[in-house]
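Subject: Structure handover

Hello,

Here is the structure for you to work with. My notes on what was found in it follow directly below.

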Amino acid sequence: TKSGKGVNAAGGGIALAAESLIMLTSAAKNFNDKLIDSASNLEKLTAQLKVVSGSPGAAAESFAMIKNYALSSPYTITGTTEAATLLRQSGVLQSNLDKTIRMLGDLGMGNQERLNRLANNYSQILAAGRANARNLRQFTTAGIPIYKGLLDYAKTDPTLEAGNTTESIRKLTEEGKITSSIITKVLQKMTEPGGAFYQASDTY
């Protein structure tokens, strides 16, 4: 009957509404859980930043810089804080932190995971004072033409006169001659005006 169909339709509507409510409630819970996890993680990271910065004042200055950069870029405050902490631990000075983050941010091209991988790799190089084969491979995997950059740089540095082929760059790396200073200069060249990654994070 028509009344029976009406009851069935109404029942179906109620069931659909109930299902939608359950889905919305579940989504809201997941969102809240993520917010709580993110806030908790950020709190831990800022505590670590205080330790590596040496004083609450220096940490506050670093965090203000991190927040300003993150809010004007595709990156998150939490992810950028994590990258900055790694850099400070590896010896990046407070005065160089902003430009180093921006350099890696351009190389990261707006991808948070990529930025943090690059920060981790670069921090390892800084801590060791030189790059190894694994470090160069990680740059290559991330889409950074590190060998080309090193070959171009070798043309301007007499100490790397032998670095005129990819194989010779590998040999120089094995000999410990690709220092952190050289890697820094190569990455800076890639991200300065005219470089392949200049302001690359702004386009994502």
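A residue counts as buried under 20% relative accessible area, as exposed over 50%, and as partly exposed in between. Met-109 has a relative accessible area of 25%, so it is partly exposed. Please keep in mind throughout that this is a predicted model.

**Overall fold**

The protein chain has nine helices and zero strands. Along the sequence the pattern reads α-α-α-α-α-α-α-α-α. The chain has 204 residues, and 38% of them count as buried.

**Largest pocket**

The largest pocket has a volume of about 390 Å³. Its lining consists of 20 residues, and those closest to the pocket centre are Lys-99, Thr-100, Arg-102, Met-103 and Thr-191. Three helices each supply at least two lining residues: H4 (94–108), H5 (112–128) and H9 (180–191). Which helix gives the most to this lining? H4 does, with six residues. By class, the lining of the largest pocket splits into six nonpolar, ten polar and four charged residues.

**Second largest pocket**

The second largest pocket comes to about 240 Å³. Its lining includes Pro-145, Lys-148, Gly-149, Asp-152 and Tyr-153. Lys-185, Val-186, Lys-189 and Met-190 are also among the lining residues. Gly-195, Ala-196 and Phe-197 line this pocket too. Helix H7 (146–154) and H9 each supply at least two residues of this lining. By class, the second largest pocket has six nonpolar, two polar and four charged lining residues.

**Arg-170 and the rings**

Arg-170 sits in helix H8, residues 166–174. What does Arg-170 lie over? The face of Tyr-147, at 5.2 Å from the ring centre. Arg-170 has 37% relative accessibility, so it counts as partly exposed. Arg-170 and Asn-132 are 38 residues apart in sequence, yet their C-alpha atoms are 8.8 Å apart in space.

**Ser-90**

Ser-90 is in the loop between helix H3 (77–89) and H4. Is Ser-90 buried or exposed? It counts as buried, because its relative accessibility is 14% and the cut-off for buried is under 20%. A polar atom of the Ser-90 side chain lies 2.8 Å from the backbone oxygen of Leu-87. The C-alpha atom of Ser-90 is separated by 4.9 Å from that of Ala-127, a residue 37 positions away along the chain.

**Gln-94**

Gln-94 belongs to helix H4. Its relative accessible area is 23%, so Gln-94 is partly exposed. Gln-94 and Glu-61 are 33 residues apart along the chain, and 8.8 Å separates their C-alpha atoms.

**Positive phi**

Two backbone entries for your list. Met-109 lies in the loop between H4 and H5. Its phi is near 50 degrees, a positive value in a residue other than glycine. Gln-199 is not a glycine either, and has a positive phi of about 55 degrees. Where is Gln-199 found? In the segment after H9. At 37% relative accessibility, Gln-199 counts as partly exposed.

That covers what was found. Please send back any questions.

Best wishes

Note on methods:
Residues are numbered from 1 along each chain as its sequence is written. This is a predicted model: local features need pLDDT of at least 70, side-chain atom pairs count only at pLDDT 80 or more; totals for chains, interfaces and linings use all residues. Side-chain values use heavy atoms; hydrogens and water are left out. On a 1 Å grid over the protein atoms alone, a cavity is a set of points where a 1.4 Å probe fits but cannot get out, and a pocket is an open set with protein on both sides within 12 Å along at least five of seven lines; lining residues have an atom within 4 Å of a point. Grid points are joined across faces, edges and corners, and a volume is the space filled by probe spheres set on the points. Helices (H or I, at least four residues) and strands (E, at least two) are DSSP runs, numbered from the N terminus. Ala, Val, Leu, Ile, Met, Phe, Trp, Tyr, Cys and Pro count as nonpolar, Asp, Glu, Lys and Arg as charged, and the others, Gly among them, as polar. A charge sits over a ring if NZ of Lys or CZ of Arg is within 6 Å of the ring centre and within 35 degrees of the ring normal. Buried means under 20% relative accessible area, exposed over 50%, partly exposed in between (1.4 Å probe, protein chains only). A polar contact is a pair of N or O atoms within 3.5 Å; within protein, one must be able to donate a hydrogen and the other to accept it, and residues adjacent in sequence count only if both atoms are side-chain atoms.
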